[in-house]
Amino acid sequence: MFEAVAFYLFAFLTIAMFYIVVTTKQALYALTALAAGMIFISAFFFILGADFLGAIQIIVYTGAVMALYAFGMMFFDTTRDVKEKQGNKYIIVGLSTLAAVLIVLIVSVPMVSDNIVALYPVADDIGNVQSVGLVLFTKYLIPFEVAAIMLLVAMVAGIVLAGKKMDLSLTLMSGEEIEDMKKEKNKKVLS
Amino acid sequence: MEIGLNHYLVLSTILFAIGLVGVMKRKNLLLLFFATEILLNAVNIAFAAISHYYGDLTGQMFAFFVIAIAASEVAVGLGLLIVWFKRHGTIDLDLMTSMKG
Amino acid sequence: MEKYLYIALFAPFVSSLFSALFTATPKKLFTGIIASLLIFTSLVSSTILLIYLFKGGEPIHVEMMTWMATGDLYIPFGFLVDQVSVTMMMVVTLVSTVVHVYAIGYMDHDKGFNRFFSWLSAFVFSMMILVMSDNYAGLFIGWEGVGLCSWGLIGFWFHKESASWAANEAFIMNRIADLGMLIGIFLIYWNTGTLQYDGAFAAFHTLDPTTLTWIGIFLFIGAMGKSAQFPLHTWLADAMEGPTPVSALIHAATMVTAGVYLVIRSNELYSLIPDVGLFIASLGTFVALFAASMALVNRDMKRIIAYSTLSQLGYMFAAAGLGAYWVALFHLMAHAFFKALLFLGAGNVMHAMHDELDPFKMGGLKKVMKWTWIMMTIASLALAGIFPFAGFFSKDTILEAAFADHHYVIYGVLLFTAGLTAFYSFRLVALIFHGEERYKLFGIHPHEAYRFMLVAMSPLLLFAIIAGVFQEPFFHMVEELLRAHEYHIHSHTTLWIMLLGTQIFVGLAILYAYKKYARSGIKVPDGTSATENSFIYKLLINQYYIPYFYEEYIIRPYRELSAVFWQKIDIKIVDATVDGIAGIIYSTGEKTRTMQSGNLSTMLKWMVVGLVVLLSLAVIFGVTVRYSDGAASALSGLGVM
């Protein structure tokens, strides 16, 4: 009973948060709603017994990713609103609904779910973190290492891309300076 | 009332659909990134749920990797976004037409 | 010995490629010299092979490499040098060496000097493949190769409308015949399962006569085209548009005899079907007379010699058809020598007369062109079959063969034709070299050809005189391969009467020709004399109206039919279909181009559309598999499920 209440509560909250993310016009609202949605999602993980995943979800998403977005937004002039002139709303919603229905159809077909056999059963006597560690560092060791390298590459890429011209601040520069810079930039082919 | 796997899957699908709407609707590149985060999280829920209901840790493993990928994507994507903004002073999708043939 | 085989075969090829390097550049003397040297190398190798075989050596059979091997079909690039092919190789390389050297002088002032040698050597290479191949497929390759080179050389002066027309005519006529030959080759493969000569010949004995007859007929159709037998003969006279060395080499000595070679080569086949052989002999006899009659009145020097070639080819087919294969081959060889000589002599005259071809406008040239006169007279004597020149031995043996086989009609016609041959040959000689110097009216100052050209012709002169000596040795060489037997007329009296009678008859014909044409007072015919208005003259000068008939009843209806097909079928159906397909694709592209607006948002929408489509496919797929066992098993077969 408790589980059902929790599920519906958090489901409602998550959907609401994400709905705000995709509909709001304020980037800041969207950011906040997204962070909240992430935290609510971690609740599902706790309900499902994946404690470690839930912790990671909060740390990585809410801690790292959202912070990254927040810092990223500082570079942009978020006060200048991007015009949301969308085309046909029905097409967008229709397509999404259709995709959702089809996915539900596929996963609910017994053919798929009948054939699943547990490869790495959850051990009852040890905790979730311990069993995750066992599997992650045995069977999934190489993907884990690869993921680590990928993260390193992404970090380097992020620094290189965003770090150029760090000494200049668009927000602190006057309009003329920005214009001059633009002209100068247009001369050289920019990287 | 028992909560089964299908409940989670339906929830996951709904979130995914919301993400899709965001992807198609948003013109602000930053908000587009938010929408992709929603998509990834929707999938993560499904993975975790399947992992739980079949007693198999593989689903959780994949969720981890998805999170890793999402983190790298944000890092690189944001970097590109900043570069773009520095060059063009805007992050409006409709103005990104340099790929037009 | 294999070494010499490869040298003989590939030296002309190298020569051709070498000359081809310079086709786009102005005249270079060394291409001619190097080409001649390479062909001479080939001649030396052929001679070595000939001596080897003559001394009783085993035929050389080599397999250079596999050409086609699919399933049961196995065709190698195999080459065979036996007594028959070595004879042909000798003839080809000897005449082509002479012609190459001669052409250095003849083509002296031509812009396409290098190109000429490239084509000429390519021709020699193809001809060598034709005669040396050990299977019908290789023979066919050579056959087509010589056809191509012949096209290129007839149309050598392609800027002349008539030359390119003649080249196309020769090529198309040969295509018609080659279709027959190809069918013959297919039939051989179908029935015997091999195209190798030895295998096919061995299998022929087990086939039923009807099949053999069809094979024989179809192969002979091919031979008819290449050797310009009736009714496919018109191209040969028109082929004289090419340079004279070409006429000497291709359209007298070698290529046109390829048909005779084919019949001789397939002697195992034709000896099994005597009825077809008799048909070949009859057709050959007919062509001998038919062509000789056209040569009687013609007023184009080269065409007269061309008709004479046609007539002599008729002789060869008559001999081959009667089973006297060695006689045919011997006549082929002897004919190659004196006919090439005659053509080269005619080339000298043409050069001297500034490309004038009408012998009525010449006369009295023997004073300025003594050596050419001697050569052409001897060649004509050899052609007429006067003792002791080459033609006597070869042609009289054909007559004897016909007589000994009791084919008296063939014998009679061939004898009569021999008289005609003597008459028209000496009509030509008399008109060109004797009588008044009519050329002065046209303001031409003739001169003798270069000395080295005359020297180059001398081997041919030598062979035209002495080739008869080789009759006995030649017979012994090919005896076994061609299952030859000498023709003996049992009564010596009859033999002597025949020999003397023939000689006297031919001699009288020569005298008559001299009397009629060597006298003074010959006028250039202007179409007013009584002879020229007679029916027979008109019939002959118009070549029995056969070209006219072809033009009127075959070419024109075909052209009209083609026009109809072009207008109705090609444009309205074929073109329309193709254009329609292109139009559909084009308009689809035009419509969907707007998808590529470059707008990221639009692209994302399309991506979602693609996702939905894929998902629906997955659903449909899953449902199908679930509710249909057939699909499931098919998929498991593919390894999908």
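This is a predicted model: local features need pLDDT of at least 70, side-chain atom pairs count only at pLDDT 80 or more; totals for chains, interfaces and linings use all residues.
Two residues are in contact here if their C-beta atoms, placed from the backbone, lie within 7 Å.

I begin with one residue of chain C. Setting aside the neighbours within four places in sequence, C:A464 touches C:F337, C:F338 and C:L341, then C:I378, C:A379 and C:A382, and finally C:F389 and C:A390. Where does this residue belong in the wider picture? C:A464 is one of the residues with the most contacts inside the largest nonpolar core, together with C:A340 and C:L341. That core contains 201 residues. Its largest share comes from helix α15 of chain C, residues 325–352, which contributes 20 residues.

Let me move to the interfaces, beginning with chains A and B. How many residues of each chain take part? On the side of chain A there are 68, and they are in contact with 61 residues of chain B. Several helices of chain A each supply at least two residues to that side: α1 (2–23), α2 (27–47), α3 (51–75), α4 (89–108), α6 (128–136) and α7 (141–163). By class, the side of chain A that touches chain B divides into 54 nonpolar residues, nine polar and five charged.

Next, chains A and C. Here nine residues of chain A are in contact with ten residues of chain C. Which element of chain A gives the most to this side? It is α4(A), with seven residues. In composition, the side of chain A that touches chain C has nine nonpolar residues, with no polar and no charged ones.

Chain B itself can be described briefly. It has three helices and zero strands, and from the N terminus on its elements run α-α-α. Of its 101 residues, 58% count as buried. Among the contacts in chain B with a separation of 6 or more, 49% are between residues 24 or more positions apart.

I close with confidence. For chain C, the mean pLDDT is 86, and 97% of the residues reach 70 or more. The model as a whole scores ipTM 0.88 and pTM 0.66.

Conventions. Residues are numbered from 1 along each chain as its sequence is written. Chains are lettered from A and ligands numbered from 1 in the order in which they are written. A nonpolar core is a set of buried Ala, Val, Leu, Ile, Met, Phe, Trp, Tyr and Cys residues joined through C-beta atoms within 7 Å. A residue is buried if 20 or more other C-beta atoms lie within 10 Å of its own, exposed if 12 or fewer, and partly exposed in between; C-beta atoms are placed from the backbone. Helices (H or I, at least four residues) and strands (E, at least two) are DSSP runs, numbered from the N terminus. Ala, Val, Leu, Ile, Met, Phe, Trp, Tyr, Cys and Pro count as nonpolar, Asp, Glu, Lys and Arg as charged, and the others, Gly among them, as polar. pLDDT is the predictor's confidence in each residue, from 0 to 100.
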